Amino acid sequence: MTAQEVRLCGLLLREHFGEVVEKVGSHLLRGGAQNLRTIIHETGLPLDLVKKSLCVLVQHGACVFSSGRKGPGSPTEYRTSCDWILRILRYPRYIYTAKTLYGDTGELIIEELLQRGHLTMSSTVKTVADRLTQNMEEGRCMDYSEVSSAFSKLVETHFLQRCPTMVGAGTSASATPSTPATPGTPATPVSTAVPTPESFPDCYKVPHVTLLGRGKRQLSSEDGEDQRNAKKAKLDSQTHGDEGICWQVNFERFHLHFRDQAIVSAVANKLDQTSSEIVRTMLRMSEVTTSPTASCTKPLSANEIFRSIPTSYNILRPILDQYLTLLVDDPMEFVGKTGESGGGMFVVNLHRALANLARATLESVVQERFGSRSARIFRLLLRKRHLEQKQVEDFAMIPAKEAKDMLYTLLSQDLVQLQEIPKTPDFAPSRTFYLYTVNQLPTARMLLQNCYKTVANLIERRLFETKESKRLLEKSQRIEAILASLQASGAEPEQLTEVEEMITAPEKQQLDALRVHINKLDSAENQVDETIFLIESYVTSTASPS
């Protein structure tokens, strides 16, 4: 991990969990696996705060624990990873995807599990039903069965998965499973066992939950009564048949969905909507049969593809054959042909598609930063691999002086590399070829670090803006709370107007300007995260076996 990754992870932990958790998490990132005593000594934090911080990190899957490296009986060691913490950056995208696929109910289920780390099905269903009921018209309620159905669909499509059974929960020394966690797979809240279907057969099995009733509206009450209701709900949750079975978000499944959507979108932009729907159908057919690290999907016959395409698209068989031929012949090579049986066997080249998407992203970055002519030179070097300066000038049709300046600018930014090939052992300049080239993978890694730095800067700026206007924001929140209370009690319009006037016109302008600025920062953060996801997927695909 790099300094930019550690910095970004620290900012994400501070924003979501506070400064104490940030200190513990950043220390584990820099120092690697450590036991409790070492963490307390090196961070200088009290035992109680360190324990609570570790609990928060473990609860949210950002930290795992295992037996010490010195063997049985040694103190339990805790470790974390940038990959687990950087998922926090993608939380809004996970929630939006759930809303798109499964509506408001799916959105709230994912949001609740992301906020809590992991929960039982009955607890999640109750909370989501109550929240949906709160926003419904008076007299209407959300039935628990509807929320349970949405929860089951999320499990069936593997967007949710069971947490493995807790091992050795008595003491930290005894909580030492025999299998350590693997960083490349989703971390689990309370164990280092990896919750995959191969290692945990019931990972996607929904238990029979006896949950009848409807969501309840939240009523204003005293704090003491709220606490009693919370205790009562906790006791009730033990009688639904799913006690001890917790669920968590399957981040890898969401990432596969994002990857497929990026490929479909790229095909739509390169060719047309019909081509993208054919590729979408192929990806959907091979969702279950294709390994997450596979370089291409399982072969599908043209007959199978034709039968699986929704009838609403009105694609005839001859038209489908033409489109498949067009996709196979396209230089981007999103689709490949592997045989002739069944009207032709076709696959989606996942790794090649990711490489092309990463390449297009790099070209776009060069064009935005250095102009279209520099982008032309960059594309030329990507295509031709090695070129001398004179060849670059001729092929790109750019004057010698301009081409030289652009090449040196790209070279200074590490976007282009210079390779020396001597004719003689003395490396004399007059007897040496100087070839310019672009190494796509190292360049993509450099862009990824720049993206981490950009997101960290955006978060710091947002935190600074919020801190500068803290007093005004608190005043606005208090007035909004008073207005909501008055509206609920049926107050007169004059009273509402009087409360609204507590914020002056200049303060309203300042608030509006702040909200616009914060929204721009949030939007930029999400856009950069899309680039991060593409580049990360490409880098991971080059490291994984085909």
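Trainee: Where is the place of Phe-370?

Mentor: Phe-370 sits in helix α14, residues 350-370. Helices are DSSP runs of H or I with at least four residues, strands are E runs of at least two, and both are numbered from the N terminus. Keep in mind that this is a predicted model, where local features need pLDDT of at least 70, side-chain atom pairs count only at pLDDT 80 or more, and totals for chains, interfaces and linings use all residues. Residues are numbered from 1 along each chain as its sequence is written, and side-chain values use heavy atoms, leaving out hydrogens and water.

Trainee: Why does Phe-370 count as partly exposed?

Mentor: Because its relative accessibility is 23%; buried means under 20% relative accessible area, exposed over 50%, and partly exposed in between, with a 1.4 Å probe and protein chains only.

Trainee: And which residues does Phe-370 touch, not counting those up to four places away in sequence?

Mentor: Thr-409, Leu-410, Gln-413 and Leu-415, with contact meaning heavy atoms within 4.5 Å. Also, the C-alpha atoms of Phe-370 and Met-406 are 8.2 Å apart, though 36 residues separate them along the chain.

Trainee: New topic: how many bridges join β8 to β9?

Mentor: Four, and the two strands run antiparallel; strands pair if DSSP finds at least two bridges between them. Gly-336 stands opposite Val-347 in β9. β8 and β9 make a hairpin with five residues between them, and Gly-342 in the turn has a positive phi of about 65°.

Trainee: What about β7 and β9?

Mentor: Two bridges join them, also antiparallel, and Leu-300 stands opposite Phe-346.
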